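Please read the points below alongside the coordinates.

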Amino acid sequence: MAPTEHQHAFQTTPALAEDIARCVHCGFCLPACPTYLQLGTETDSPRGRIALIDALASGRAQPTPPLLEHLDLCLQCRACETACPSGVAFGRIMETARAGVLAGPRRPTGWRVRAAVLRALLPHRRRLQALFAAGRLYQRSGLQRLVRGSGMLRRAAPALASADASLPVLPRSGFALPAQPVLTATVALLTGCVMPHLYPRTHEATVRVLNRLGYRVVIPAEQTCCGALSMHAGDRSFAQELARRNIAAFEAAGVQAVIVDAAGCGSTMKEYGELLDDDPAYRERAVRLAARTKDVLEFVAEHDLGAPGELRRVVTYQDSCHLVHAQKLTQAPRAILRAIPGLELRELSAPDRCCGSAGIYSFVQGAMSQRLLSEKMDDVCATGALTVATANPGCVTQLEWGFRQRGMRGDVVHVIELLDEAMRVGAGAAVGSG
């Protein structure tokens, strides 16, 4: 019997069908896919997942838990896009498929819960402030040591125990825009949802570097989460809502560029045109904002960095997936690192292989995330570097966890933090010599 409409997991569209048809099943994606390299199964490769999505859209397959697990196991790192000679937009295919399943009649409970949690937290500043305030109290009161020592979480809720173990040491306070010199050129900074609470030091370094390059930084008060996590979780409609809010906020700022120091956020904002392509009221505005969006390393590398001071440090660089594979930026971060006197850059053997963070992936696919982290830490250790530079907060958190697991005293920083440190050293040396 031919499948009827209600048997489809979701209805295909001409755009999705065209994207799927680009895949010629050549296999160039296989050695680029982290999950395929770990498992060796066709259904956990990009071309295998495309075949599954095609079957779901046509009604030839149903969204059963085993099938959807293959889609859920995808990191959406987009390494397959870099490897693909046919230009298959795998990230867009996967996001469209997840959105279709989540909006369909047989939505997995876990997927619905994830989307609901993200909706309840990410765009709400006060809720996030309260959550991270509780986290700081949990860490600094000694309660975390007590909980870990008792083993209660490992026995009662292994997933929560894993989340607790991966939690970085929270700073004493969140990000606040520092005082700035009087400057005429102005750029805006996307602060995002969790980064001001987890890594305010990165935002602070970004502001200081931009100031030194002659730019005043403004923080539009009405900006919100970029929508990346919701988009990856299949909640396309909510990602669109967040995108509209950001477009309005950054338009009102009237700046020449929107700077982003989280690679995952930047790649999503650069694709707002695609996200809102079906919205006639926002389509053109989305394209304009996407064109003005710059990763901080991309933007900074276009400028004369002056005379950074010397940093005697051995560093390796981990390509953040959405910087290298989505934004196609590989040289800018390396050019910045090589411009710092005294810094020795030692390349990883697989610098663009995903570390296993991938947004909320480390929480929902903990076992695979750990396999990828272990492989990444082997690569880091082989370089002999005890400083890892990267370009996304999720990578920082994941790699910090990797150092803790191995009992190593390494540090993980955003590239912009190293440049900021070198610039401050250089400014101090200039003052001393004067």
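**Notes on helix packing and burial**

1. On the face of helix 18 that is turned away from its buried side sit the exposed residues Glu284 and Ala291, where exposed means over 50% relative accessible area, buried under 20% and partly exposed in between, with a 1.4 Å probe and protein chains only. Helix 18 spans residues 283–292, and its buried residues are Ala286, Leu289 and Ala290. They cover an arc of only 100 degrees around the axis, which puts them on the same side of helix 18; the arc is that of the directions from the helix axis to the C-beta atoms. An α-helix has 3.6 residues a turn, so residues three or four places apart point the same way.

2. On provenance, the model is predicted, and local features need pLDDT of at least 70, side-chain atom pairs count only at pLDDT 80 or more, and totals for chains, interfaces and linings use all residues. Residues are numbered from 1 along each chain as its sequence is written, and side-chain values use heavy atoms, with hydrogens and water left out. Helices (H or I, at least four residues) and strands (E, at least two) are DSSP runs numbered from the N terminus.

3. The buried residues of helix 18 pack against helix 15 (236–253), strand 3 (258–260), helix 16 (263–270), helix 17 (272–275) and strand 4 (293–295), contact being taken as heavy atoms within 4.5 Å. Strand 3 holds Val260, which is buried, with a relative accessible area of 1%. Leaving aside residues up to four places away in sequence, Val260 touches Leu190, Cys265, Gly266, Met269, Thr293, Lys294, Asp295 and Val296. Val260 and Gly192 lie 68 residues apart in sequence and 8.8 Å apart in space, C-alpha to C-alpha.

4. Helix 3 (residues 46–58) and helix 6 (residues 90–103) pack at an angle of about 40 degrees, their axes being 11 Å apart. That makes helix 3 oblique to helix 6, since angles under 35 degrees count as roughly parallel, over 145 as roughly antiparallel, 65 to 115 as roughly perpendicular and the rest as oblique. The axes are lines fitted to C-alpha atoms, for helices over the stretch in contact, and angles run from 0 to 180 degrees between N-to-C directions. Pro46, Arg49, Ile50 and Ile53 in helix 3 meet Phe90, Ile93, Met94 and Ala97 in helix 6. The residues of this contact of helix 3 with helix 6 divide into seven nonpolar, no polar and one charged, with Ala, Val, Leu, Ile, Met, Phe, Trp, Tyr, Cys and Pro counted as nonpolar, Asp, Glu, Lys and Arg as charged, and the others, Gly among them, as polar.

5. Helix 3 and helix 4 have axes that come within 10 Å and cross at roughly 130 degrees, and that makes helix 3 oblique to helix 4. The contact is made by Arg49, Leu52, Ile53 and Leu56 of helix 3 and Leu67, Leu68, His70 and Leu71 of helix 4; by class, it has six nonpolar, one polar and one charged residues.

6. Within helix 4 (residues 65–72), Leu67, Leu68, Leu71 and Asp72 are buried. They cover an arc of only 140 degrees around the axis, which puts them on the same side of helix 4. The partners of these buried residues are helix 3, helix 6, helix 7 (109–121) and helix 22 (361–364).

7. Which backbone angle deserves a check at Arg78, given that this residue is not a glycine? Arg78 has a positive phi of about 70 degrees, lies in the loop between helix 4 and helix 5 (79–83), and counts as buried at 10% relative accessibility.
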